[in-house]
Amino acid sequence: MLFETAEEALTWYQSGERVITKAFLDSVPWNEVKRHPIDEKFFPVLLYMRDIETMTERYFAELMKSATGKDPIIRQFMEQWVEEEPMHGAILSRFLEEAGCPQEADWKKKGFDRLTVSYRLRSKIQEWMTLPFGKNFTSVHMTWGAIHEYSTLTGYRRLWELSGHPVLEYLLKAIAREEAKHSLFYWSVARIHLKEHPLRQQLARYLVEKFWRPVGEGVKTEAESNVVIRTLFSGKDGVDMIKTYVNNRVAQLPGFESFTRVTDRIAGAAM
Ligand SMILES: [Fe+2]
Ligand SMILES: [Fe+2]
């Protein structure tokens, strides 16, 4: 699907049927979670994802302060997006609970505390960096968002394939439908903004090449990200999946021809 304007992408996103509804949540066979085994090596992956999904609220607050957050189309998208993401975190947390994975009582508070420290530093840099570029920086945010969403989507798909747990698969397939919509929105708006000006393309390419890190890294340590990457994407199959569904999708954006940064980073940890 190719949208010509950001409004079109927003209309498509808003008019789509909501996936994670009360009816969906009521349909989850929680009492069956324990009846199927799950390899405990997936627990750190699920905990990582639980935290990152939950922390999006804070990212939203940060982004709203920038020129990107003042864009009315993006703001409307993000208002729905910020409701959907923490729900994914809550679903993963419930699954972990049912599967018998210990979770600290104050995991949310701990996560937010870690985030505050990392943001205090980064938002200063970001404020300083985004000011002179203003609206041109929106294409960077959108490209960044597209990489994160496609990575998340691919991570979930890989997780349900590898874990072979039917209830987890049921949950992740629903979550993935929302991630697919987020991915396409970010990617489409990135494409529209990038297309408008070669300067934006150069700026976005430069910053992504230089500063992009896997989703969650920064709040989580590089070592923690690497555990997730290795568990999900070890070997040629895993890296090929990232290449096809994440890296090459980004490489279709204006200014991102022959882009390999995502594949390189994942291969560095997974091979
Ligand atoms: Fe999510
Ligand atoms: Fe998402």
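**View 1. The bend in helix α3 of this predicted model.** Helix α3 (residues 43-64) bends by about 35° at T56, the bend being the angle between axes fitted to the seven residues ending there and the seven starting there. Helices here are DSSP runs (H or I, at least four residues), numbered from the N terminus. At 1.5 Å a residue, the 22 residues of α3 should span 32 Å, which agrees with the 32 Å between its end C-alpha atoms; the expected span is 1.5 Å times one less than the number of residues. This is a predicted model, in which local features need pLDDT of at least 70 and side-chain atom pairs count only at pLDDT 80 or more, while totals for chains, interfaces and linings use all residues. Residues are numbered from 1 along each chain as its sequence is written, with chains lettered from A and ligands numbered from 1 in the order in which they are written.

**View 2. The crossing of helices α3 and α10.** The axes of α3 and helix α10 (residues 222-233) come within 9 Å and cross at roughly 125°, axes being lines fitted to C-alpha atoms, for helices over the stretch in contact, with angles from 0 to 180 degrees between N-to-C directions. The two helices are therefore oblique to each other (under 35 degrees is roughly parallel, over 145 roughly antiparallel, 65 to 115 roughly perpendicular and the rest oblique). In α3, P44, V45 and Y48 meet E224, V227, V228, T231 and L232 of α10, contact requiring C-beta atoms, placed from the backbone, within 7 Å.

**View 3. The pairing of helices α5 and α8.** Helix α5 (residues 72-99) and helix α8 (residues 166-196) have axes that come within 11 Å and cross at roughly 160°, which makes α5 roughly antiparallel to α8.

Methods: Two residues are in contact if their C-beta atoms, placed from the backbone, lie within 7 Å.
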